[in-house]
Amino acid sequence: MMKRFPPRKSRQPGMRVPASETPAASQRRQEKQLRTCLGCGAKDRQEHLLPLAFTGPGRVGPDVERRLPGRHVYCCRTEVCLKRLMKNRKRVARALRAEAVEFDEGLQSLFGSVVA
Ligand SMILES: [Zn+2]
């Protein structure tokens with residue numbers, strides 16, 4: 001009987017990770033990606049800011065894990081900036097290429113959790 005290589009671990013279909021998404025590659029990419037806080041206009045690295053995206057038609061909410069598709073806007077993780085951002089819906093709408101936006105109620109509840 002011929003000697004065989006040990007069997008490979010069975011691969012789970014649909015669990016493929018793109019080769020470009022190694023931790024090092026994504027880190028390198030993120031370091032260059034400065035985002036603007038729509039509350040105060042300061043620029044910071046994406047991972048320091050709070051991402052917001054459409055959670056439903058015309059509704060914008062937090063996307064802390066960055067799982068939502070489409071455009072994102074960013075905000076400092078401070079109550080001051082988030083409140084300022086929420087007062088300026090037109091700016092958020094423009095940044096998201098939308099006519100108008102409403103904010104999820106969940107956005108308010110972020111104060112004290114991911115927002116200091
Ligand atoms: Zn800010």
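1. Helices (H or I, at least four residues) and strands (E, at least two) are here DSSP runs, numbered from the N terminus. In this sense Asp44 lies in strand E2, which spans residues 43-45. The structure is a predicted model, in which local features need pLDDT of at least 70 and side-chain atom pairs count only at pLDDT 80 or more, whereas totals for chains, interfaces and linings use all residues. Residues are numbered from 1 along each chain as its sequence is written.

2. As an overview, the protein has 4 helices and 6 strands, and from the N terminus on these elements follow one another as α-β-β-β-β-β-α-α-β-α. A residue is called buried if 20 or more other C-beta atoms lie within 10 Å of its own, exposed if 12 or fewer do, and partly exposed in between, with the C-beta atoms placed from the backbone. By this count, 17% of the 116 residues of the protein are buried. Two residues are said to be in contact if their C-beta atoms, placed from the backbone, lie within 7 Å; among such contacts between residues at least 6 apart in sequence, 55% join residues at least 24 apart.

3. The sheet comes next, and for it two strands are taken to pair if DSSP finds at least two bridges between them. An open sheet is formed by 4 strands in the order E5-E3-E4-E6, with mixed pairing. Its edge strands are E5 (72-76) and E6 (102-103), each of which pairs on one side only.

4. Strand E3 (residues 49-56) is paired with strand E4 (residues 59-62) in the antiparallel sense over 4 bridges, and E3 also runs antiparallel to E5, to which 5 bridges join it. Ala53, for its part, stands opposite Gly61 in E4. The hairpin of E3 and E4 has 2 residues between the strands, and in it Gly58 takes a positive phi near 75°.

5. Which residues of helix H2 (residues 79-87) are buried? They are Cys81, Leu82 and Leu85, and because they cover an arc of only 95° around the axis (the arc being that of the directions from the helix axis to the C-beta atoms), they lie on the same side of H2. The face of H2 turned away from this buried side carries the exposed residues Val80 and Lys87. What covers the buried residues of H2 includes E5 and helix H3 (89-95).

6. Leu107 lies in helix H4 (residues 105-108) and is buried, because 21 other C-beta atoms are found within 10 Å. Leaving aside its neighbours within four places in sequence, Leu107 is in contact with Gly61, Pro62 and Met86. Leu107 and Leu82 are 25 residues apart in sequence, and their C-alpha atoms are 8.5 Å apart in space.

7. Apart from its neighbours within four places in sequence, Asp44 is in contact with Leu34, Arg35, Cys37 and Leu49. The C-alpha atoms of Asp44 and Cys75, which are 31 residues apart along the chain, are separated by 9.4 Å.
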